[in-house]
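Here is a short report on the disulfides of one protein model. Look at the sequence and the structure first.

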Amino acid sequence: MKSLIAIRTVLILVCLLSVLTVSAQYTSQHFIAPSPWVYWTGAYEIVLSTEFAGVVNVTVTKSDGTPMVSTTVSQGNPTAFRFTGNPAGVLNHPINTVLNDAGMFVTANEPVAVNVRNVTSDQVAVGNCIDSKGNSSLTSFGNEGLGITFRLGYYRSDYNGVGFCYALPVVNCVMATANNTDIILNGAVITTLNTGQSYIFLAPMGSLLEASAPVVLNSGAYVDSPQGCGDGVVDQVAPTSVLDTAYFVVRGLGTAGTATDLPEQTTVVATKAATNVRVDRYDATGVLIGTNNYLLPNAGSFVSFHHGDAATQYTCSHIVGDKPIAVYAGSAVSCEVDMSFVPPVGPCAGSFRVETTNFQTYLNTALPYNGYVLIEDPTAVVFMNGVDLESITAPRFQIGNTGYYMIRFNDAQIGFPANMIINSSVRMNISIVQQGGGFSMSAFFSSFNQILEPPVFAPNGNCGEVTFTAEPGYAPYQWFLNEVAIPGATAQTYTATDSGFYSVAGTRPCGLTKPSIPVFYNDSATIPELTTLPADTLKCSVTSVTLTASSTTVGATYSWGGTNTNPTFSVTAPGTYYVTVTEPINNCEIIDTLVVAQDTIAPNVTINPHNNLDCNNASINLTAASTTLGVGFNWGGGNVSNTQNVTLAGTYTVTATDGNNGCTATASTTVVAIPPVSLSETHIDVACFGASTASIDVTVLGGQAPFTYLWSNAAVTEDLANIAAGTYTLTVTDNNTCTDTIQIIITEPLAALTLDTTTTNILCFGAATGAIDLIPAGGTAPYTYAWSNAAVTEDLNNVVAGPYDVLVTDANSCTASLSATLTEPATAVSATSVVTDVNCFGGSDGGIDLTPAGGTSPYTFLWSNAAVTEDIAGVVADNYTVTITDANGCSITHTKTIVEPTDLTMALSFAHYGCLFWRGHGCSKLNRWWWHNRLQLCLEQCGNNPRYIKPDSGQLLAYGYRCQRMYRQRNHPNYRTRGCSYVGHHYHQHTVLWCGYWRYRFDT
């Protein structure tokens, strides 16, 4: 049954692709292979646009069919959205592993274009092979991205700084669009995939990827690090069937130079042997600056070169091959890099209208960008958001003699719009490159070639033959088998007799298109005979229909969609059923269809509106009705009339049965037993005596809204607020006039909060001996206190004189305040005095006249000599202290000194004099000084050799030869004597003679 399986595969593929509506990159179905990173996080932004004027419904699913997003888009209003979830820690896709849900399906009811952007850059803590690290932009080629042959490549062939992950850094991501698709790399099957399954693998530059059914392919790197930066790179790769020979690449803002690891370069990969490639390089004004020629000897040979002059933005390279080539180009700002698979230029390449949004960071801030339009027309107007683009940028200029013109623009020139709508009456190749802000994302918004829809085929009655039919209106055609043109096959139809992939190109006004998506056909042998009987109609009373097929072909086998192999097939659902009869020798098949209709329209049934059970309605009648004729009703419980009387709440259901097809329908209604009005309340009593701060919150249970309220105080609100103490009565009436009444008593404290005090004043000026005894009453205990001196106690003790205020708050936050003032004497106790000194040494005629003041009279006195009078008199010289105490016990001390005259006088009869006082025979102590004519003498030593010293110079003046002894008589503290002495030393030739009267006072 090999041929049966192959044909079934083709039928599935044709069914899958039949939904595609083709218009360049605008198509109603996009198959997008995985990137190296997981799509389903906030790292990915999807931009949708359409040429369709109305609203287009778009659904995005994982490739296993899991729904992700449903949205809409319309012409002039591109839609951008992101998936959700933090990309940090979300593991990247592993290599050499079959993945079920890594790809993306975008399905719309009208053609749309899809741009997939990775916006992580360095704004998410991610990188390398672990999780998303990129700032790439992938533009879906739509149906032009589907194919069976691809040439693998990358924008540079020097892999320095690419990867960090595997020996071969460039990764390729392939996704199948049909079951049992073999993936073949350089002639060897590496895996087999079903629809929506993907596979990521490594391959050398220029490798050939083939598939046994159409697939889509992405190429890129987990991380590319030119000149130190690291970013992910990915873009879609077009199949060889849509490639062409002429391309333009334009230099961006990447690092200048010709180092082989710099990102501003292109790799050209040959699809056929002996391919000659010419690269003309132009400066930023379109002037030719050089030409390079390359020979690529083999299919898969490649060459890499830098854009334009390798240094200046908008210098460009015109790449022309003598056979179709694949062109991979890098773009960058500094070392931030992205890659684009470059679309060709040519008569049928390019788009008439492109719509997209501005570029955003992961943190939703706008990014800078620039772009250019290539157009093969010197005058056709290119509009940007409805404005002639050249009127806001600069005029177009011709690129050499290529016939192509370039119009350049950047974000500032066009006013930083959120959306970019670019359209013209002629085809345009448009590139928009985001460069700056730590990001670089590039995308071409251009059709490769407006290919036709995939051809369809059907058996033509000859075993082993089918007839393919191309999309009408594009003659002459060119048919291809396995991507090779079939000579002379130029009609709309083609009869196929050999197995293989068939595709077709058509002629548009621009010329012959590239081949369509290929469709696989496997030839068969003799077609068996098949007879089928008309199918019955399914009804509600007929739930199963038997389909019958028969064949006169001996040994013929039957298959009803692969699920039943009998000549008959019992079905329970309406629809179109396929039966395949296969003859046993050549496995030739014939297919017939049987349509099973269905009459399962249920009758219409309703239950008329009714009242609910309440205080006025103890029972109600329910009435069923139907617009369908011949309907019977059944309420259950034996009631088959159209009415039902109910007295209890509940849900009541009536079943209506159509007597024609046996179909039934039900209608239900809920009868509500509205409970009696019931009232409950919570209230807050008056907190402070005599206030109106109470409130009542009433809850109404039961009854039916709306309700009316009537209070005993004439209020008509549900609740009361700001009311005084008292008794309140409320009557509530519901919508059915049912009522209930409630009474509430509001209380208040028995008395208002009052304050009284007893004070203790200060006895001594400046002392802290005052006290206030506060006496609160009334209100609601306990109380809190706040004094003006910051005290929080009820009473104050040990405080100074002054005014004091207190605020008392009771348990209900009611307050009362009071002020009290503590007094003290006007001044402190003080004293002044007049001292009378002793007249003669040793006398006792001294005295102190004391005058007290301040404090509180009368005063008491206590002197240090035990006197208790205010004044003292007749006392000897000494220090005297008195303690003065006032009537409040406040006291001070006062000290005064009584002095007397000196106790020694001396008369000298000579010009020079000495001092005389000593004890015994040792060194004397100076006791007295006498001054005469500024000569100062002092006795320093006595004994047999007294000497006199001038103290201010230390000069020895004289020596004596004897010393007069002096004696202290008992009981005679003062001794008076007279005498003369001689000093036997000459001072300045003079003899010192001194004499006189002495009065001595002896120390102890």
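## The C348–C510 link

The torsion about the S-S bond of C348 and C510 is about 105 degrees, so this disulfide is right-handed. A disulfide here is a pair of cysteine sulfur atoms within 2.5 Å. For C348 and C510 the S to S distance is 1.8 Å. The two cysteines sit 162 residues apart. C348 is in the loop between β24 and β25, and C510 is in the loop between β39 and β40. Strands such as these are DSSP runs of E, at least two residues long, numbered from the N terminus.

C348 is buried, at 4% relative accessibility. Buried means under 20% relative accessible area, exposed over 50%, and partly exposed in between (1.4 Å probe, protein chains only).

## About the model

This is a predicted model: local features need pLDDT of at least 70, side-chain atom pairs count only at pLDDT 80 or more, and totals for chains, interfaces and linings use all residues. Residues are numbered from 1 along each chain as its sequence is written, and side-chain values use heavy atoms, with hydrogens and water left out.

## Two further links

The whole structure holds five disulfides. One of them joins C540 to C663, with S to S 1.8 Å. Its torsion is about 95 degrees, so the link is right-handed. It ties together parts that are 123 residues apart in sequence. C540 is partly exposed at 31%, whereas C663 is buried at 0%.

C615 and C738 also form a disulfide, with sulfur atoms 1.6 Å apart. This link is left-handed, with -85 degrees about the S-S bond. C738 is buried, at 9% relative accessibility.

Terms used: Helices (H or I, at least four residues) and strands (E, at least two) are DSSP runs, numbered from the N terminus.
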